[in-house]
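I opened this model to look up its sheet, its helix and its charged pairs. My entries follow in the order in which I looked.

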Amino acid sequence: MYESVKFIKLTRAGGHGEIVVNLHHIVKMKTRYPETGKGAIIWLANGVGITSTSYEVEEDLDLIMQYLSVKNIS
């Protein structure tokens, strides 16, 4: 049986708290520090028009990418 994850909790960089992200709202992602591969910058759709908001988060891009794939829950 397979189930996809719809929401994840991410820690904002700089001590700005946490955000809960609907994975369907992610527009774009990139590594925050390309030289080390640590952290990520994500752009989320605002739901109206084509605008988006970017957030710097502590989690690595690889971890977020794992959530975007389908999870096997058997």
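**Entry 1: contacts and totals**

I began with contacts, taken as heavy atoms within 4.5 Å. Of the contacts in the protein with a separation of 6 or more, 36% are between residues 24 or more positions apart. I note that this is a predicted model, in which local features need pLDDT of at least 70, side-chain atom pairs count only at pLDDT 80 or more, and totals for chains, interfaces and linings use all residues. Residues are numbered from 1 along each chain as its sequence is written, and side-chain values use heavy atoms, with hydrogens and water left out.

I then looked up the surface, using Shrake-Rupley areas with a 1.4 Å probe, where only the protein chains shown count as cover for residues. The protein exposes about 5,200 Å², and carbon and sulfur atoms supply 52% of that area. I counted a residue as buried under 20% relative accessible area, as exposed over 50%, and as partly exposed in between (1.4 Å probe, protein chains only). Of the 74 residues in the protein, 26% are buried.

**Entry 2: secondary structure**

I took helices (H or I, at least four residues) and strands (E, at least two) as DSSP runs, numbered from the N terminus. The protein has seven strands and one helix. Along the sequence I read the pattern β-β-β-β-β-β-α-β.

**Entry 3: the sheet**

I called two strands paired if DSSP finds at least two bridges between them. Three strands form an open sheet in the order S4-S5-S6, and their pairing is antiparallel. Strand S4 (26–33) and strand S6 (52–57) are the edges; each has a single partner strand, so one side of each has no neighbour in the sheet. From one strand to the next, the twist averages 20 degrees. For angles I used lines fitted to C-alpha atoms, for helices over the stretch in contact, with values from 0 to 180 degrees between N-to-C directions.

I next went through the strand pairs. S4 and S5 run antiparallel and are joined by six bridges. Isoleucine 26 is opposite leucine 44 in S5. The hairpin of S4 and S5 has four residues between the strands, and in it glycine 37 takes a positive phi near 80 degrees. Strand S5 (residues 38–45) also runs antiparallel to S6, with six bridges between them. Isoleucine 42 has tyrosine 55 in S6 as its bridge partner. Helix H1 (residues 61–68) packs on the sheet and touches S4, S5 and S6, and its direction makes about 155 degrees with that of S4.

**Entry 4: arginine 32**

Where is arginine 32 placed? I found arginine 32 in strand S4. Is arginine 32 buried or exposed? Arginine 32 is buried, at 18% relative accessible area. Leaving aside neighbours within four places in sequence, I listed the contacts of arginine 32 as Ala13, Lys38, Gly39, Ala40, Ile41, Glu56, Val57 and Glu58.

**Entry 5: salt bridges**

I counted a salt bridge where a side-chain nitrogen of Lys or Arg is within 4 Å of a carboxyl oxygen of Asp or Glu. How many salt bridges does the structure hold? It holds four salt bridges.

One of them is between the side chains of arginine 32 and glutamate 56, at 3.0 Å, N to O. This pair links distant parts of the chain, with arginine 32 in strand S4 and glutamate 56 in strand S6, 24 residues apart. Glutamate 56 is partly exposed, at 41% relative accessibility.

Another salt bridge joins the side chains of glutamate 58 and arginine 32, at 3.9 Å, N to O. Glutamate 58 lies in the loop between S6 and H1 and arginine 32 in strand S4, so this pair ties together parts 26 residues apart in sequence. Glutamate 58 is partly exposed, with a relative accessible area of 41%.

I also found a salt bridge from aspartate 60 to lysine 38, whose closest N and O atoms are 3.8 Å apart. Aspartate 60 is in the loop between S6 and H1 and lysine 38 is in strand S5, so the pair ties together parts 22 residues apart in sequence. Aspartate 60 is partly exposed at 25% relative accessible area, and lysine 38 is partly exposed at 47%.
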